Amino acid sequence: MRYSRVFLIVMDSVGIGEQPDSPKFRDEGANTLGHIAERVAGFSLPHLQKLGLGNIAPLKGVPAVEVPAAHYGKMQEISMGKDTTTGHWEIMGLHVATPFRTYPDGFPAELIAEFEQRIGRKVLGNKVASGTDILDELGEEHMKTGAVIVYTSADSVFQVAAHEDIVPLEELYRICQVARELTLRDEFAVTRVIARPFVGEPGNFTRTANRHDYSVKPFEPTVMNRLQDAGLASIAIGKISDIYAEEGITQSIRTKDNMDGVDQLIATMKQSFTGLSFVNLVDFDAKFGHRRDPEGYGQALMEFDARIPEILAAMQENDLLVITADHGNDPVHHGTDHTREYVPLLVYHKGISAGENLGIRETFADLGATIADNFGVAAPRIGKSFLNHL
Ligand SMILES: O=P(O)(O)O[C@H]1O[C@H](CO)[C@@H](O)[C@H]1O
Ligand SMILES: [Mn+2]
Ligand SMILES: [Mn+2]
């Protein structure tokens with residue numbers, strides 16, 4: 001074992017430019033980081049810059065440095081999807097070759113009818129929508145009638161929105177469990193059911209941190225299962241345990257927002273364990289990427305960047321820190337969905353004199369393969385370890 005602890009940060013949706021296959025996803029020219037850097041006045045990420053972020057791709061305000069403090073590169077997604085689940089599963093060694101089923105025209109009437117009957121409430125919406133737009137459209141009617149709002153997106157998601165005062169949280173979670181059960185059937189297959197509670201008044205609704213995701217289980221063991229089986233820690237922070245449906249996780253820590261995610265990560269750095277601590281910072285995606293808010297996205301990146309020194313200071317001799325992402329979500333791109341992009345890769349440990357270029361990794365799974373290699377557990381089916389470069 002070269003490193004006794006690996007700290008993995010997924011900056012949700014922080015892509016770094018189009019892949020050769022981006023046009024297939026209607027994402028020609030997408031560049032989450034690149035476009036934010038161009039659009040946001042005074043944009044700079046001094047700490048990520050020192051690690052070598054600007055050496056991966058040209059970024060306005062984040063120039064390349066002569067001697068990067070971390071190893072750097074970018075990773076390509078090979079799976080047939082650009083959603084969170086696909087990206088995270090590929091990172092941990094799974095190749096999602098068949099795209100998850102999506103519902104561009106809403107869910108089948110039979111599914112909705114059975115769902116309504118089981119939950120004892122009617123459904124509003126049942127279409128592709130942005131989660132905030134649909135509250136503006138149907139939130140008031142939901143409050144008047146008690147019918148729940150069901151919507152989907154370009155992803156394989158069955159999302160149920162309800163006001164916390166109209167449908168108590170416990171009931172919403174029960175409703176989502178019904179949806180989960182129904183959508184495990186092949187004919188209605190959905191990767192994730194998501195509870196989307198909100199509060200506020202018509203015209204002024206806000207979603208709360210009580211979101212809850214119910215994912216299907218990964219279709220084969222991930223590197224995290226291997227770690228767990230080997231008696232190593234696999235600590236999940238934020239949405240991680242939802243994304244892997246609690247599989248291969250030894251401890252799960254929920255978070256409220258990005259900064260809480262960083263706090264919880266640093267708290268695990270102060271614990272004594274051997275294995276993985278894995279955090280997802282979802283605000284980049286949920287609060288800014290899908291909302292097509294480059295300014296807010298840029299500020300969130302700068303806020304994260306400002307925490308890097310604290311993270312580095314909490315690192316011990318045998319720790320490895322990896323910063324990456326799961327897909328893009330270019331806030332100046334058409335629509336409100338994710339974008340097919342490379343993701344940045346920064347790998348830091350103490351004692352690096354000059355960061356090495358890890359190149360363009362052929363799959364996100366190179367990271368999972370590296371983690372498996374480091375801990376001496378079975379390698380995933382795909383992915384090449386870059387441990388020998390670290
Ligand atoms: O528009 P909102 O509700 O944020 O939804 C987004 O969040 C979902 C889950 O990440 C994505 O599939 C997309 O639909
Ligand atoms: Mn994501
Ligand atoms: Mn998203």
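Visitor: What distance separates the centres of domain 1 and domain 2, taken over C-alpha atoms?

Guide: The model is a predicted one. Its protein chain is divided into domain 1, formed by 5-94 + 218-389, and domain 2, formed by 109-215. Taken over C-alpha atoms, the distance between the centres of these domains is 29 Å.

Visitor: Into which classes do the residues on the side of domain 1 that touches domain 2 divide?

Guide: Domain 1 gives 12 residues to the contact and domain 2 gives 11 residues. On the side of domain 1 that touches domain 2, the residues divide into 2 nonpolar, 3 polar and 7 charged.

Visitor: Which residues have the most contacts inside the largest nonpolar core?

Guide: The largest nonpolar core has 75 residues. Apart from it lies another core, of 30 residues, which includes Leu111, Leu135, Val167 and Ala195. In the largest core, the residues with the most contacts are Ile9, Met11, Val322, Leu346 and Val347.

Visitor: With which residues is Leu346 in contact, leaving aside its neighbours within four places in sequence?

Guide: Leu346 is among the residues with the most contacts inside the largest nonpolar core. Leaving aside neighbours within four places in sequence, its contacts are Leu51, Gly52, Leu53, Ala70, Tyr72 and Ile323.

Visitor: From which domains does the shell around ligand 1 draw at least three residues each?

Guide: The residues around ligand 1 are Thr84, Ser130, Gly131, Ser153, Asp155, Val157, Gln159, Ile194, Ala286 and His290. By class, this shell has 3 nonpolar, 6 polar and 1 charged residues. At least three residues come from each of domain 1 and domain 2.

Visitor: What is the largest C-alpha distance among Asp12, Asp326 and His327?

Guide: UniProt lists Asp12, Asp326 and His327 under "binding site", in an unreviewed entry. These residues are spread over 316 residues of sequence, yet they cluster in space. Their largest C-alpha distance is 7.2 Å.

Visitor: Is Asp326 buried or exposed?

Guide: Asp326 lies in the loop between β12 (319-324) and β13 (343-348). Not counting residues up to four places away in sequence, Asp326 touches Val10, Asp12, Ser13, Thr84, Gly87, His88, Ile91 and Val343. Because Asp326 has 29 C-beta neighbours inside 10 Å, this residue counts as buried.

Visitor: Which residues does His327 touch, not counting residues up to four places away in sequence?

Guide: His327 is also placed in the loop between β12 and β13. With 33 C-beta neighbours inside 10 Å, His327 counts as buried. Beyond four places in sequence, His327 touches Ser13, Gly15, Glu77, Lys82, Asp83, Gly87, His338 and Glu341.

Visitor: What is the largest C-alpha distance among Asp285, His290 and His338?

Guide: In an unreviewed entry, UniProt lists Asp285, His290 and His338 for "binding site". The three cluster in space although they are spread over 54 residues of sequence. The largest C-alpha distance among them is 8.4 Å.

Visitor: Why does Asp285 count as buried?

Guide: Asp285 lies in helix α11, residues 283-289. Leaving aside neighbours within four places in sequence, Asp285 is in contact with Asp12, Ser13, His290 and Asn329. The threshold for a buried residue is 20 or more other C-beta atoms within 10 Å. Asp285 therefore counts as buried, its C-beta neighbours inside 10 Å numbering 27.

Visitor: Is His290 buried, exposed or partly exposed?

Guide: His290 lies in the loop between α11 and α12 (294-305), and this residue is one of those around ligand 1. Not counting residues up to four places away in sequence, His290 touches Ser130, Asp285, Asn329 and Thr336. Because 19 C-beta neighbours lie inside 10 Å, His290 counts as partly exposed.

Visitor: How far apart in space are Gly17 and Asp27, C-alpha to C-alpha?

Guide: Gly17 lies in the loop between β1 (5-11) and α1 (32-39), and with 24 C-beta neighbours inside 10 Å counts as buried. Gly17 and Asp27 are 10 residues apart in sequence. In space, C-alpha to C-alpha, their separation is 9.8 Å.

Visitor: How far apart do the end C-alpha atoms of residues 5-378 lie?

Guide: UniProt lists residues 5-378 for "domain: Metalloenzyme", in an unreviewed entry. The span is 33% helix and 21% strand. Its end C-alpha atoms lie apart by 17 Å.

Notes: Residues are numbered from 1 along each chain as its sequence is written. Chains are lettered from A and ligands numbered from 1 in the order in which they are written. This is a predicted model: local features need pLDDT of at least 70, side-chain atom pairs count only at pLDDT 80 or more; totals for chains, interfaces and linings use all residues. A nonpolar core is a set of buried Ala, Val, Leu, Ile, Met, Phe, Trp, Tyr and Cys residues joined through C-beta atoms within 7 Å. A residue is buried if 20 or more other C-beta atoms lie within 10 Å of its own, exposed if 12 or fewer, and partly exposed in between; C-beta atoms are placed from the backbone. Two residues are in contact if their C-beta atoms, placed from the backbone, lie within 7 Å. Domain bounds come from an automatic or database domain assignment. Ala, Val, Leu, Ile, Met, Phe, Trp, Tyr, Cys and Pro count as nonpolar, Asp, Glu, Lys and Arg as charged, and the others, Gly among them, as polar. A residue is near a molecule or strand if its C-beta atom, placed from the backbone, lies within 6 Å of it. UniProt positions are given in the numbering used here, feature names are shortened, and annotations may be inferred rather than shown by experiment. Helices (H or I, at least four residues) and strands (E, at least two) are DSSP runs, numbered from the N terminus.
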